[in-house]
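Morning, everyone. Let me put the model up on the screen, and then I'll walk you through it.

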Amino acid sequence: MLLDFLPEAMALGALLVTEAATAKLLAAMMFLQNLPEGFAAFREIWAQGKLPAAKVLLVFVALAGLGPLCALLGFAFLADDPETMGAITIFAAGGILYLVFQDIAPEAHESGAYSPALGAVAGFALGLAGDMVIG
C-alpha cells in the first residue's frame, strides 16, 4: 500500500511548486484511489485476526501522517529535479499496477462482482476529464 502512497505524495509536493491546478487534480485522484485501497488493506489485515481493528486503524492513521511529510520533501527538494521525480513517479505507477493485478483484477472476474471493473473505468474517465479541464 505504501509503495504508491509515499511516492505519490512526493510527486504531489513537487507539483505544487510548478503546476498548482494539476496538483489539485492529482490530490483528488490520490484521495479517490487511496481510500478504497486503504479500506481493502484494513480488511485484509484485520481478517488475519492477529490485531484488533482499533490497533490496525491506529497504525493506518500513523502511516497516513507520512504522506504530508513526503509531500513536504517533494515540495522542498524535488521540484527542480525532474529526472528524480520521473523515477519516483514510475516507481509509484509500478505500485499501482501491482495493486490492480494483485487485488482488483482477480475480483473483477468473480460472479456478480461488477464494482472493480466499473470503478476502474470510472477512475480512468475521471482522470481523463480532469486532464481535459486543466488542459
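Ground rules. This is a predicted model, where local features need pLDDT of at least 70 and side-chain atom pairs count only at pLDDT 80 or more, while totals for chains, interfaces and linings use all residues. Residues are numbered from 1 along each chain as its sequence is written, and side-chain values use heavy atoms, with hydrogens and water left out.

Overall layout. The protein has six helices and zero strands. Helices here are DSSP runs of H or I with at least four residues, strands are runs of E with at least two, and numbering goes from the N terminus. From that end, the elements read α-α-α-α-α-α. The C-alpha trace spans about 45 × 35 × 20 Å along its principal axes. Of the 135 residues in the protein, 26% are buried. Buried means under 20% relative accessible area, exposed means over 50%, and partly exposed is in between, with a 1.4 Å probe and protein chains only. Now contacts, meaning heavy atoms within 4.5 Å. Among contacts with a separation of 6 or more, 68% are between residues 24 or more positions apart.

Next, helix packing. Two packed helices are described by the angle between their axes and the distance between the axes. Axes are lines fitted to C-alpha atoms, for helices over the stretch in contact, and angles run from 0 to 180 degrees between N-to-C directions. Under 35 degrees is roughly parallel, over 145 roughly antiparallel, 65 to 115 roughly perpendicular, and the rest oblique. For handedness, a crossing is left-handed if the near helix is turned anticlockwise from the far one by less than a right angle, and right-handed if clockwise.

Take H1 and H2. They pack at about 165°, with axes 8 Å apart. That makes H1 roughly antiparallel to H2. The crossing is left-handed. On the H1 side, the contact includes Asp4, Phe5 and Glu8; on the H2 side, it includes Met30, Gln33 and Glu37. The residues of this contact split into 11 nonpolar, four polar and three charged. For those classes, Ala, Val, Leu, Ile, Met, Phe, Trp, Tyr, Cys and Pro count as nonpolar, Asp, Glu, Lys and Arg as charged, and the others, Gly among them, as polar.

Now H1 with H4. H1 covers residues 2–18 and H4 covers residues 66–78; their axes come within 6 Å and cross at roughly 45°. That makes H1 oblique to H4. This crossing is right-handed. Gly13 of H1 and Gly67 and Gly74 of H4 are among the residues in the contact. The tally is 12 nonpolar, three polar and no charged.

The angle is about 140°, and the axes are 10 Å apart. H2 is therefore oblique to H3. The crossing is right-handed. Gly38, Ala41, Phe42, Ile45 and Trp46 in H2 meet Ala53, Val56, Leu57 and Phe60 in H3. Here we have eight nonpolar, one polar and no charged.

On to the rings. Rings of Phe, Tyr and Trp (its six-membered ring) pair if their centres lie within 6.5 Å; planes under 30 degrees apart are stacked, over 60 edge-to-face, the rest tilted. How many aromatic pairs does this rule give? The count is two. Phe42 and Trp46 have ring centres 6.2 Å apart and planes at 15°, so this pair is stacked. Both sit in helix H2, residues 20–47, four residues apart, or about one helical turn. Are they buried or exposed? Phe42 is buried at 17% relative accessible area, and Trp46 is partly exposed at 46%. Phe42 also pairs with Phe60: centres 6.4 Å apart, planes at 80°, so edge-to-face. That pair links distant parts of the chain, with Phe60 in helix H3, residues 53–64, 18 residues from Phe42. Ring pairs join Phe42, Trp46 and Phe60 into a cluster.

Leaving aside neighbours within four places in sequence, Ile96 contacts Asp4, Glu8 and Gln33. Ile96 and Glu37 are 59 residues apart in sequence, yet 9.8 Å apart in space, C-alpha to C-alpha. Pro106 is also in H5, which runs over residues 82–108. Its relative accessibility is 44%, so Pro106 counts as partly exposed.
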